[in-house]
Amino acid sequence: MKSFDYVITDPVGLHARPTGILVKEIRNYAGTTVTITKGEESANALKLMAVMAMKIKQGDTVTVSVEGENEEDVAAKVEEFFKTYF
């Protein structure tokens with residue numbers, strides 16, 4: 001399993017539009033599970049409503065875990081996505 005921590009810099013936090021794009025991106029990585037964790041809450045990154053329910057705001061630190069096939073490559077791509085959108 002690969003993971004990274006990320007501090008959300010977007011003033012709106014993790015909002016619907018880029019999170020929806022993230023879900024579509026992750027669907028391209030069959031055999032890989034991406035989980036977003038904030039504090040005690042975790043959600044499968046493919047579950048848009050579960051991620052939105054976490055109410056991740058600017059300044060929050062999240063841990064993104066990637067497990068499965070090509071996890072190093074997928075983790076790098078997801079981390080780049082976070083840097084671009086959040």
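1. In this predicted model, the buried residues of helix H3 are covered by elements that include strands E1, E2 and E4 together with helix H1 (16-27). The residues concerned are Glu 71, Val 74, Ala 75, Val 78, Phe 81 and Phe 82. They lie on the same side of H3, because the arc they cover around the axis is only 120°. Glu 72, Lys 83 and Thr 84, on the other side of the helix, are exposed.

2. As to its geometry, H3 comprises 15 residues and spans 21 Å from its first C-alpha to its last, close to the 21 Å expected at 1.5 Å a residue.

3. The sheet is open, with 4 strands in the order E1-E4-E2-E3 and antiparallel pairing. From one strand to the next, the twist averages 20°.

4. The antiparallel pairing of E1 with E4 runs over 6 bridges. Within this pair, Val 7 has Thr 61 of E4 as its bridge partner. Helix H3 (residues 71-85) packs on the sheet, where it touches E1, E2 and E4, and its direction makes about 10° with that of E1.

5. The structure contains 1 salt bridge. It joins the side chains of Lys 38 and Asp 60, at 3.7 Å from N to O. The pair links distant parts of the chain, 22 residues apart: Lys 38 belongs to strand E2 (residues 32-38), whereas Asp 60 lies in the loop between helix H2 (48-53) and strand E4 (61-68).

Technical notes. Residues are numbered from 1 along each chain as its sequence is written. This is a predicted model: local features need pLDDT of at least 70, side-chain atom pairs count only at pLDDT 80 or more; totals for chains, interfaces and linings use all residues. Side-chain values use heavy atoms; hydrogens and water are left out. A salt bridge is a side-chain nitrogen of Lys or Arg within 4 Å of a carboxyl oxygen of Asp or Glu. Helices (H or I, at least four residues) and strands (E, at least two) are DSSP runs, numbered from the N terminus. Two strands pair if DSSP finds at least two bridges between them. Axes are lines fitted to C-alpha atoms, for helices over the stretch in contact, and angles run from 0 to 180 degrees between N-to-C directions. Contact means heavy atoms within 4.5 Å. The expected span of a helix is 1.5 Å times one less than its number of residues. Buried means under 20% relative accessible area, exposed over 50%, partly exposed in between (1.4 Å probe, protein chains only). The arc is that of the directions from the helix axis to the C-beta atoms.
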